[in-house]
Amino acid sequence: MGSGVTLYLGAPGAGKSFLMREHVAKLAALPDAPVFFIVNHGEKPGEPSWADLPGADFFSTTAEWWGRPSAVAVFPGDNPLAVARLTLDVGTAVLVDDEIDLALGSCRWRARPDHPEDGDSPLRTIVKRGRHARNKAGYVTEVGALIATHRPANLPTDLSGLFSRVYVGRLVSFNDADRVYREGWISAPNAAAAKAQLEAFEPGAFSVWPI
Ligand SMILES: Nc1ncnc2c1ncn2[C@@H]1O[C@H](COP(=O)(O)OP(=O)(O)OP(=O)(O)O)[C@@H](O)[C@H]1O
Ligand SMILES: [Mg+2]
């Protein structure tokens with residue numbers, strides 16, 4: 001938790017969103033907290049929700065935020081890249097997306113060499129260059145992220161080594177356990193042992209890297 005990019009990994013029901021909400025609540029209550037921009041992928045009735053966060057304000061579009069800025073802003077999940085873009089534009093901010101598969105799959109990840117004006121995905125920019133990103137006003141600020149996926153095997157390899165902290169919860173597929181093992185996010189003698197270890201995690205149980 002803190003600055004940089006924190007990654008949460010775990011099968012559906014592992015407890016990723018629950019843990020992320022706890023972390024956002026704690027971080028947002030600190031003095032000089034950054035602004036939190038939260039992508040809301042929908043919640044089940046009766047389950048904890050982003051609405052439980054103290055001070056959370058809900059917006060329909062990212063454009064609306066500029067008219068009534070809020071330090072804890074929740075957006076609909078249909079355009080996660082617009083929320084990532086807003087995080088960079090505002091600066092001194094943290095993107096919170098508990099289902100990044102949509103953002104990873106919804107656009108060109110890297111700028112094409114013959115069309116550099118298109119730029120990288122804003123999510124890639126945050127992870128790769130968020131520590132000193134220029135905001136819309138022209139100031140260099142730090143932008144971080146709390147991001148989750150149930151499919152670590154699908155994470156772009158160019159992000160390896162860029163996470164400041166990784167929470168690994170229950171995972172059941174060999175490919176996912178293998179990726180977690182090869183990245184060094186869990187301590188195990190081999191991928192099969194990592195799979196056995198990760199499969200046995202109860203909901204809410206996470207191992208933390210670095211230890
Ligand atoms: N530490 C915890 N204490 C109590 N309940 C928990 C804890 N962690 C998770 N839960 C409960 O387990 C269920 C699944 O948690 P959560 O929605 O956070 O999982 P998830 O990993 O985000 O799943 P998905 O990938 O489907 O979004 C929820 O009902 C949640 O309230
Ligand atoms: Mg979730």
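This is a predicted model: local features need pLDDT of at least 70, side-chain atom pairs count only at pLDDT 80 or more; totals for chains, interfaces and linings use all residues.

Me: Got it. And what joins S2 to S5?
Reply: Five bridges, with S2 and S5 running parallel. Phe 36 has Val 94 as its bridge partner in S5.

Me: Is S2 mostly covered or mostly open?
Reply: Mostly covered. S2 spans residues 35-40, and five of its six residues are buried.

Me: Okay, zoom out. What order do the strands of the sheet come in?
Reply: The order is S3-S4-S2-S5-S8-S1-S9-S10, which makes an open sheet of eight strands with mixed pairing.

Me: Which strands stand at the edges?
Reply: S3 (57-58) and S10 (207-209) do. Each has a single partner strand, so one side of each is left without a neighbour in the sheet.

Me: What do strands in a sheet pair through, by the way?
Reply: Backbone hydrogen bonds, and the pairing can be parallel or antiparallel.

Me: Let's talk about S8. How many of its residues are buried?
Reply: Seven of the seven, so S8 is largely enclosed by the rest of the structure.

Me: Which residues sit on which side?
Reply: Val 143, Ala 145, Ile 147 and Thr 149 are on one side, with Gly 144, Leu 146 and Ala 148 on the other. Both faces of S8 are covered. In general, side chains in a regular strand alternate between the two faces of the sheet.

Me: What about the bridges from S8 to S5 and S1?
Reply: S5 and S8 run parallel and are joined by five bridges, with Val 94 standing opposite Gly 144 in S8. S1 and S8 also run parallel, again with five bridges. There, the bridge partner of Val 5 in S8 is Ala 145.

Me: And how many bridges join S1 to S9?
Reply: Four bridges join S1 (residues 5-9) to S9 (residues 165-168), and these strands run parallel. Thr 6 stands opposite Arg 165 in S9.

Me: Switching to helices. Which strands does H5 lie across?
Reply: S1, S5 (93-97) and S8 (143-149), and H5 runs at about 115° to S8.

Me: Which residues of H5 are buried?
Reply: Pro 122, Leu 123, Arg 124, Ile 126 and Val 127. The buried residues of H5 pack against S1, H3, S5, S8 and helix H4 (101-105).

Me: You mentioned H3. At what angle do the axes of H3 and H5 cross?
Reply: Roughly 40°, and the axes of H3 (residues 80-90) and H5 (residues 122-129) come within 8 Å. That makes H3 oblique to H5.

Me: Which residues meet there?
Reply: From H3, Leu 81, Ala 84, Arg 85, Thr 87 and Leu 88; from H5, Pro 122, Leu 123, Thr 125 and Ile 126. The residues of this contact between H3 and H5 divide into six nonpolar, two polar and one charged.

Me: Last thing, the ligand. How many residues surround ligand 1?
Reply: 14, and the closest are Pro 12, Gly 15, Ser 17, Phe 18 and Gly 204.

Me: What classes are in that shell?
Reply: Five nonpolar, six polar and three charged residues.

Note on methods. Residues are numbered from 1 along each chain as its sequence is written. Chains are lettered from A and ligands numbered from 1 in the order in which they are written. A residue is near a molecule or strand if its C-beta atom, placed from the backbone, lies within 6 Å of it. Ala, Val, Leu, Ile, Met, Phe, Trp, Tyr, Cys and Pro count as nonpolar, Asp, Glu, Lys and Arg as charged, and the others, Gly among them, as polar. Axes are lines fitted to C-alpha atoms, for helices over the stretch in contact, and angles run from 0 to 180 degrees between N-to-C directions. Helices (H or I, at least four residues) and strands (E, at least two) are DSSP runs, numbered from the N terminus. Angles under 35 degrees count as roughly parallel, over 145 as roughly antiparallel, 65 to 115 as roughly perpendicular and the rest as oblique. Two residues are in contact if their C-beta atoms, placed from the backbone, lie within 7 Å. Two strands pair if DSSP finds at least two bridges between them. A residue is buried if 20 or more other C-beta atoms lie within 10 Å of its own, exposed if 12 or fewer, and partly exposed in between; C-beta atoms are placed from the backbone.
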